Amino acid sequence: MERKYIVAGNWKMNKTFDEGIQLASAVNSAMPRGVAVAVLGTPYIHLKTVGDLISENSSLFLSAQNCHQEEKGAYTGEISAAMLASVGAQYVIIGHSERRAYFSESNELLAKKVDIAIKHQLQPIFCCGEGLEIRKKGEHIPHVCRQLEASLFHLPAEDMKKVTIAYEPIWAIGTGLTASPEEAEEMHKAIRGLIADNYGENISGQITILYGGSCKPSNADALFAKPNVDGGLIGGASLNAPDFVALIDALNKAKSGA
Ligand code: PEP
């Protein structure tokens with residue numbers, strides 16, 4: 001299996017229904033051809049309609065931003081992995097730092113979400129990353145390694161291959177601060193090395209590792225040029241089609257000879 005190059009948008013809690021459909025339509029009609037694929041991480045209300053809209057486009061995929069860890073039941077207001085799969089979602093973002101911070105999602109809980117997502121044929125986009133204090137102390141690599149060990153490394157190799165990892169330093173998310181290409185590459189290389197230690201080089205070479213944190217058209221070329229940066233998880237710049245499409249162009253350009 002070849003490593004995939006992905007630009008994944010995380011719309012978060014933005015866009016009314018009509019605004020979201022407009023955005024998805026604009027990305028769909030401008031979707032560049034190339035090695036990169038794109039994922040639209042929409043709010044729940046958009047999933048079915050956006051999924052139908054992009055269904056003919058073999059380079060565009062649909063993602064939810066979260067799922068519940070249980071199969072079904074009395075969890076008012078929650079959405080299950082089976083429900084997401086039933087409306088055509090192919091991916092689900094799991095463990096975004098906002099969910100870890102505002103909804104107290106622990107590494108252990110996230111391991112359960114990863115399991116139920118895979119059970120229902122959803123590919124997890126698993127987020128990891130350190131806060132500023134941890135980075136300042138120089139403990140960012142062990143911190144991220146612990147997140148991966150606790151939430152992913154119970155998976156058998158066949159399931160691990162279905163996971164996309166998104167390294168998102170918390171201090172760079174929505175702040176305008178970006179990890180330098182060297183800082184991103186250092187972490188991505190460490191993540192790939194850790195996966196190789198646990199699953200072997202063949203599997204670690206297949207895993208897509210995205211960078212997230214104020215990635216935008218002006219800094220994407222340098223980030224995507226790094227060999228272990230396989231694309232981006234994009235918040236702010238996924239909310240307008242020209243910027244999002246420019247990021248897909250940048251990834252195509254960076255990886256066309258890879
Ligand atoms: C994110 O929230 O996943 C993210 C990367 O946001 P932004 O691009 O706005 O920093």
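Visitor: How far is an oxygen atom of the ligand from a polar backbone atom of Gly 236?

Guide: Keeping in mind that this is a predicted model, the separation between that polar backbone atom of Gly 236 and an oxygen atom of the ligand is 2.8 Å. A pair of N or O atoms is read as a polar contact when the two lie within 3.5 Å.

Visitor: Turning to the helices, how do α1 and α2 pack, and are they roughly parallel or oblique?

Guide: Angles under 35 degrees count as roughly parallel. Here helix α1, residues 17–30, and helix α2, residues 47–54, cross at roughly 20°, with axes that come within 10 Å, and α1 is therefore roughly parallel to α2. Their crossing is right-handed, and the residues that meet are Phe 17, Ile 21, Ala 24, Ser 25 and Asn 28 from α1 with Thr 49, Val 50, Leu 53 and Ile 54 from α2. Sorted by class, this contact of α1 with α2 holds six nonpolar and three polar residues, with no charged ones.

Visitor: What does α1 contribute to its contact with α12?

Guide: The axes of α1 and helix α12, residues 241–255, are 9 Å apart and the packing angle is about 35°, while α1 passes α12 in a right-handed crossing. On the α1 side the contact is made by Leu 23, Ala 26, Val 27 and Ala 30, and on the α12 side by Ala 241, Phe 244 and Val 245. The contact of α1 with α12 has seven nonpolar residues, and neither polar nor charged ones.

Visitor: At what angle do α7 and α9 pack?

Guide: Helix α7, residues 140–151, packs against helix α9, residues 181–199, at about 40°, and their axes are 10 Å apart, so α7 and α9 are oblique to each other. The contact brings together His 140, Ile 141, Val 144, Cys 145, Leu 148 and Glu 149 of α7 with Glu 186, Met 187, Ala 190, Ile 191 and Leu 194 of α9. By class, that contact of α7 with α9 comprises eight nonpolar, one polar and two charged residues.

Key: Residues numbered from 1 in each chain as written. Predicted model: local features only at pLDDT ≥ 70, side-chain atom pairs only at ≥ 80, totals over all residues. Heavy atoms only, no water. Axes fitted to C-alpha atoms, helices over the stretch in contact; angles between N-to-C directions. Helix = DSSP H or I, 4+ residues; strand = E, 2+ residues; numbered from the N terminus. Parallel < 35°, antiparallel > 145°, perpendicular 65-115°, else oblique. Contact = heavy atoms within 4.5 Å. Nonpolar A, V, L, I, M, F, W, Y, C, P; charged D, E, K, R; others polar. Polar contact = N/O pair within 3.5 Å; in protein donor to acceptor, adjacent residues only side chain to side chain. Left-handed = near helix turned anticlockwise from the far one by under 90°.
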